[in-house]
Amino acid sequence: QITRTKKEISQPLVIGTMAGQNINLINTDQKGFFKLNENDLITPAEKKLYVFVNGAQKSPYDAKMTINDDYTTLNQKLAKLISVDQPILPSNLVNNTELLLKNNEKTIRLKEVIITNKKDDTFRHSGANACGDYVCSYNILNCRNHIGDAGNTQPVKGRIYTIGGSNIKQTYMGCSIPDQGMFTIIKGIHSPKEFYVNNYEDTNEPAFFSTIYWNYGTMLSSKKQTEISFYTSDIAGKFKIVVQGITNNDVVYTEHFFEVKEGGL
């Protein structure tokens, strides 16, 4: 739900979700309630899902977003119902005298240590963007001599700046991290991560990969055998094959081993 100054809104708003390069727009009702569909929650691997109020509307920074995840609430309730038995081994001591210190032994009392933390908002209030990048008054990107300077500004994507500590000029490619002051981060549904497969075109370059094959979308059939092929790496030794999947009736799982020897299998 979207609220403003702890009050319900009086007109529909447009909500946006951003995951990587994918942006979706969702309309709320007149009270600010909205629902996220499954397609709106799908995010690429290692990417976060950001939800924001359309910046073209009035005072998007004044809006407060509340996310209610029924699955999280249900998991917390179920976790409290599960009791874990932790068996306690009986003591093999005959009496408590063995726990007492001897006359020539002394106790060591540790000094009390208090650990505190302090939030560093230097970059936040020095003109830096969400990535911590800033430009000083001399048009130097991330100038070390002007960290936290009040005259720093955020770099503009596409402009050319001087790299701090050198005379090299470089085009700023932009910041891929959104400003979290405008966004709300929620848990998304991660899409499968693509696995890099080496084609071994450069035979002079040694290949040391512990995972040599991974395919999450192989379809199996009971009518014919399914054949897969892959190259081994330059690591010799035993490798484990793990096959796991799901059928119409049950899940399947099996393991197998093969050994890679110097000069071949």
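Two strands are taken as paired if DSSP finds at least two bridges between them. Strands (E, at least two residues) are DSSP runs, numbered from the N terminus. The model is predicted: local features need pLDDT of at least 70, side-chain atom pairs count only at pLDDT 80 or more, and totals for chains, interfaces and linings use all residues. Residues are numbered from 1 along each chain as its sequence is written, and side-chain values use heavy atoms, with hydrogens and water left out.

Strands S8, S9 and S10 form an open sheet in that order, with mixed pairing. S8 (140-141) and S10 (169-171) stand at the edges with a single partner strand each, so one side of each lacks a neighbour in the sheet. S9 (residues 160-163) runs antiparallel to S10, and three bridges join them. Within this pairing, Thr162 lies opposite Lys169 of S10.

Strand S3 (residues 14-19) pairs with two strands described here. Six bridges link S3 to S4 (residues 22-27) in the antiparallel sense. Asn22 of S4 is the bridge partner of Ala19. S3 also runs antiparallel to S6 (residues 49-53), joined by four bridges. Gly16 stands opposite Phe52 in S6.

The structure holds zero disulfides (pairs of cysteine sulfur atoms within 2.5 Å). The sulfur of Cys136 has its closest cysteine sulfur in Cys143, at 4.0 Å, which is too far for a bond. Cys136 is buried at 4% relative accessibility. Cys143 is likewise buried, at 5%.

Conventions
Buried < 20%, exposed > 50% of the residue type's maximum accessible area, 1.4 Å probe, protein only.
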